[in-house]
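Hello,

Please find the structure below. My notes follow it.

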Amino acid sequence: MTRPLTSVERSIQGRNGWLKEEERKAIESRGEIGRMEFWLRLTRSEIAKEVKAGRGDVIAGFTLVCRLFKLVLEKRQAGDARLFNHLMQYADTVLKQHGPRH
């Protein structure tokens with residue numbers, strides 16, 4: 001017999017369900033571009049909340065992530081896809097271990 005979920009666990013489960021459903025709608029509507037736009041909107045909202053809570057270092061962190069991704073794309077365009085492949089593999093691993101949909 002399994003125990004009932006706590007209110008925190010129910011909240012997490014509800015949020016994860018909402019994320020999956022909204023992502024699915026975005027994909028149905030606009031494909032992979034829709035998925036990307038959904039996650040960008042969500043991230044922008046989270047960044048605004050972090051800044052409002054006094055954690056402005058989130059802006060520097062997001063800027064670094066964007067600069068890293070731009071560098072990786074430039075390397076791939078120049079014919080060296082190793083960094084892109086490593087970044088994608090790392091991101092996949094982290095999301096599988098810690099992501100909102102596990």
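L83 is partly exposed, with a relative accessible area of 39% (buried is under 20%, exposed over 50%, partly exposed in between; 1.4 Å probe, protein chains only). This is a predicted model: local features need pLDDT of at least 70, side-chain atom pairs count only at pLDDT 80 or more, and totals for chains, interfaces and linings use all residues. Residues are numbered from 1 along each chain as its sequence is written, and side-chain values use heavy atoms, with hydrogens and water left out.

**L83 and its surroundings**

L83 lies in helix 3. Helices are DSSP runs (H or I, at least four residues), numbered from the N terminus. Leaving aside residues up to four places away in sequence, L83 touches V72 and K75. Contact here means heavy atoms within 4.5 Å. L83 and L68 are 15 residues apart in sequence; in space they are 9.9 Å apart, C-alpha to C-alpha.

**Helix 2 with helix 3**

Helix 2 covers residues 57-77 and helix 3 covers residues 82-98. Their axes come within 7 Å and cross at roughly 135 degrees. Axes are lines fitted to C-alpha atoms, for helices over the stretch in contact, and angles run from 0 to 180 degrees between N-to-C directions. Helix 2 and helix 3 are therefore oblique to each other. The cut-offs: under 35 degrees is roughly parallel, over 145 roughly antiparallel, 65 to 115 roughly perpendicular, and the rest oblique.

Helix 2 brings L68, F69, V72, L73, K75 and R76 to this contact; helix 3 brings L83, F84 and L87. By class, the contact of helix 2 with helix 3 has seven nonpolar, no polar and two charged residues. Ala, Val, Leu, Ile, Met, Phe, Trp, Tyr, Cys and Pro count as nonpolar, Asp, Glu, Lys and Arg as charged, and the others, Gly among them, as polar.

**Helix 1**

How far does helix 1 span between its end C-alpha atoms? Helix 1 (residues 7-52) spans only 26 Å, whereas a straight helix of 46 residues would span 68 Å at 1.5 Å a residue. The expected span is 1.5 Å times one less than the number of residues. Helix 1 bends by about 140 degrees at R30. That bend is the angle between axes fitted to the seven residues ending there and the seven starting there.

The buried residues of helix 1 are N16, L19, E23, A26, G34, F38, L42 and I47. They pack against helix 2. K52 is also in helix 1, but K52 is exposed, with a relative accessible area of 77%. K52 and Y90 are 38 residues apart in sequence and 30 Å apart in space, C-alpha to C-alpha. After helix 1 comes G54, with a positive phi near 90 degrees.

**Helix 1 with helix 2**

The axes of helix 1 and helix 2 come within 8 Å and cross at roughly 150 degrees. The two helices are therefore roughly antiparallel to each other. T43, I47, E50 and V51 of helix 1 meet V58, I59 and F62 of helix 2. This contact has five nonpolar, one polar and one charged residues.

Helix 2 has 21 residues, which should span 30 Å at 1.5 Å a residue; its end C-alpha atoms are 31 Å apart, which agrees. G79 follows helix 2, and its phi is positive, near 105 degrees.

Best wishes
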